[in-house]
Amino acid sequence: MGGISIWQLLIIVAIVVLLFGTKKLRTLGSDLGASVKGFKKAMSDEETTSNQATTANKEEAQNDADFDVKSIQEQQQPSVKTEEQKSQNKEQV
């Protein structure tokens, strides 16, 4: 009830073939198949690049973690020194 029978599907297919022709339907099918194949290839390429990027990020994270922790005062001291050096350089000119 309410479903499409096999005979109705055959009639629809016959009408589509008469309207478009077999040559146009064949090219349409090959174009659709090529686009699906390209989509699958792009998805697999993306997965491999994302896996490579994840591996590279892990290696960088391990390399980035090799630093000495400085306090806030130690970090601010070099900027003060550069300002003092700038003022001394201006006085010398």
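Reader: Which residues form a nonpolar patch on the surface?
Author: This is a predicted model. In it, the patch consists of Ile-4, Ile-6, Trp-7, Leu-9, Leu-10, Ile-11, Ile-12, Ile-15, Val-16, Leu-19 and Phe-20. Together they have about 1,200 Å² of accessible area.

Reader: Take Ile-15. Where is its place?
Author: Ile-15 sits in helix H1.

Reader: And why does Ile-15 count as partly exposed?
Author: Its relative accessibility is 45%.

Reader: How many residues does H1 have, and how far does it reach?
Author: H1 covers residues 6-20, which is 15 residues. From first C-alpha to last it reaches 21 Å, close to the 21 Å expected at 1.5 Å a residue.

Reader: What comes just after H1?
Author: Gly-21, with a positive phi of about 90°.

Reader: What does UniProt place at residues 6-22?
Author: An unreviewed UniProt entry gives the feature "transmembrane region" there. In the model, that stretch is 94% helix and 0% strand, with its end C-alpha atoms 21 Å apart.

Reader: Whole chain now. What does the secondary structure come to?
Author: Three helices and zero strands. Along the sequence the pattern reads α-α-α.

Reader: What share of the residues is buried?
Author: Of the 93 residues in the chain, 0% are buried.

Methods: Residues are numbered from 1 along each chain as its sequence is written. This is a predicted model: local features need pLDDT of at least 70, side-chain atom pairs count only at pLDDT 80 or more; totals for chains, interfaces and linings use all residues. Side-chain values use heavy atoms; hydrogens and water are left out. UniProt positions are given in the numbering used here, feature names are shortened, and annotations may be inferred rather than shown by experiment. Helices (H or I, at least four residues) and strands (E, at least two) are DSSP runs, numbered from the N terminus. The expected span of a helix is 1.5 Å times one less than its number of residues. Patches are made of residues with over 30% relative accessible area and no salt bridge: like charges are joined within 9 Å, nonpolar side chains (Val, Leu, Ile, Met, Phe, Trp, Tyr) within 5 Å. Accessible areas come from the Shrake-Rupley method with a 1.4 Å probe; for residues, only the protein chains shown count as cover. A salt bridge is a side-chain nitrogen of Lys or Arg within 4 Å of a carboxyl oxygen of Asp or Glu. Buried means under 20% relative accessible area, exposed over 50%, partly exposed in between (1.4 Å probe, protein chains only).
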